[in-house]
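Student: I have a few questions about the words used for this model. Could we take them one at a time and check each value against its definition?

Tutor: Gladly, let's look at it together.

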Amino acid sequence: MPVPNDLADMLARVAMRDRAAFSRLYQATGPKLFAICLRILKDRTEAEDALQDIFVKIWHSADRYSTAIASPQAWLNTVTRNHAIDLLRARKPGGGDLDAAETLADDAPTPEDSAVTASEGRRIDACISALNPPRGEAVRLAYVEGDSYIELSQRFDVPMNTMRSWLRRSLIQLRECLSHG
């Protein structure tokens, strides 16, 4: 089972259109996401089609994932659950059981989780502030505001590959900073 940092890294690479990372992400998460589809849709063929659609969505929207919002697995589960529920709603009357979606665990944070997240948010802010200022701002815009790599490279007037390097190195520095606190 991949650890959250591995999944976050894979999602970041998928956002940069890294096909190898996309393949690893599929191998690491495909079975679990398929199980969610199958549990909600109760039809193997429809679940397989849904999983394919979900990975197309992930390919196109991986740059919208932010570690500040949820863990990578929670984000992937939410994308999957929402797509499967949309398919249930689109079925003709009598074709689905929306109640199955009700029994799935809610990924919404508990009050305790919210308190922990707020505390972690302050730690993340402190670590981002320790980065080189333009790079710290780029990290905030990418992972908090959801700006794309193209928007960031234009804003900071640097080539796209330079922006990718900035973000990658900044994430490594953030990981090191957070592991010490």
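This is a predicted model: local features need pLDDT of at least 70, side-chain atom pairs count only at pLDDT 80 or more; totals for chains, interfaces and linings use all residues.

Student: Does C127 count as buried or exposed, and how do you know?

Tutor: The relative accessibility of C127 is 7%. That value falls under the cut-off for buried, so C127 counts as buried. Another cysteine, C37, is at 0% and therefore counts as buried too.

Student: How many helices and strands does the chain have, and what makes a run count as one?

Tutor: The chain has nine helices and zero strands. Both are DSSP runs numbered from the N terminus: helices are H or I with at least four residues, strands are E with at least two. From the N terminus on, the elements read α-α-α-α-α-α-α-α-α.

Student: What is the angle between helix 2 and helix 3, and what is that arrangement called?

Tutor: The axes of helix 2 (19-41) and helix 3 (44-61) come within 9 Å and cross at roughly 140°. Axes are lines fitted to C-alpha atoms, for helices over the stretch in contact, and angles run from 0 to 180 degrees between N-to-C directions. Under 35 degrees is roughly parallel, over 145 roughly antiparallel, 65 to 115 roughly perpendicular, and the rest oblique. The angle falls in "the rest", so helix 2 is oblique to helix 3.

Student: Which residues make that contact, and of what classes are they?

Tutor: Contact means heavy atoms within 4.5 Å. Among the residues that make it are F22, L33, C37 and L41 of helix 2 and A47, L51, F55 and W59 of helix 3. The contact divides into 15 nonpolar, two polar and four charged residues. Here Ala, Val, Leu, Ile, Met, Phe, Trp, Tyr, Cys and Pro are nonpolar, Asp, Glu, Lys and Arg are charged, and the others, Gly among them, are polar.

Student: What is the word for the way helix 3 lies against helix 4, and why?

Tutor: The axes of helix 3 and helix 4 (residues 72-90) come within 10 Å and cross at roughly 130°. That angle again falls in "the rest", so helix 3 is oblique to helix 4. On helix 3 the contact includes A50, I54 and I58, and on helix 4 it includes W75, L76 and L87. By class there are seven nonpolar, three polar and three charged residues.

Student: Is K42 buried or exposed, and how do you know?

Tutor: The relative accessible area of K42 is 55%, over the cut-off, so K42 is exposed. K42 lies in the loop between helix 2 and helix 3, and has a positive phi of about 55° although it is not a glycine.

Student: And D157, buried or exposed?

Tutor: D157 is at 69%, so it counts as exposed. Its loop runs between helix 8 (149-155) and helix 9, and D157 also has a positive phi, near 55°, in a residue other than glycine.

Student: Which residues of helix 7 are buried?

Tutor: In helix 7 (residues 133-145), G136, A138, V139, L141, A142 and Y143 are buried. Helix 7 is followed by G146, whose phi is positive, near 85°. Of the 181 residues of the chain, 37% count as buried.

Conventions. Residues are numbered from 1 along each chain as its sequence is written. Side-chain values use heavy atoms; hydrogens and water are left out. Buried means under 20% relative accessible area, exposed over 50%, partly exposed in between (1.4 Å probe, protein chains only).
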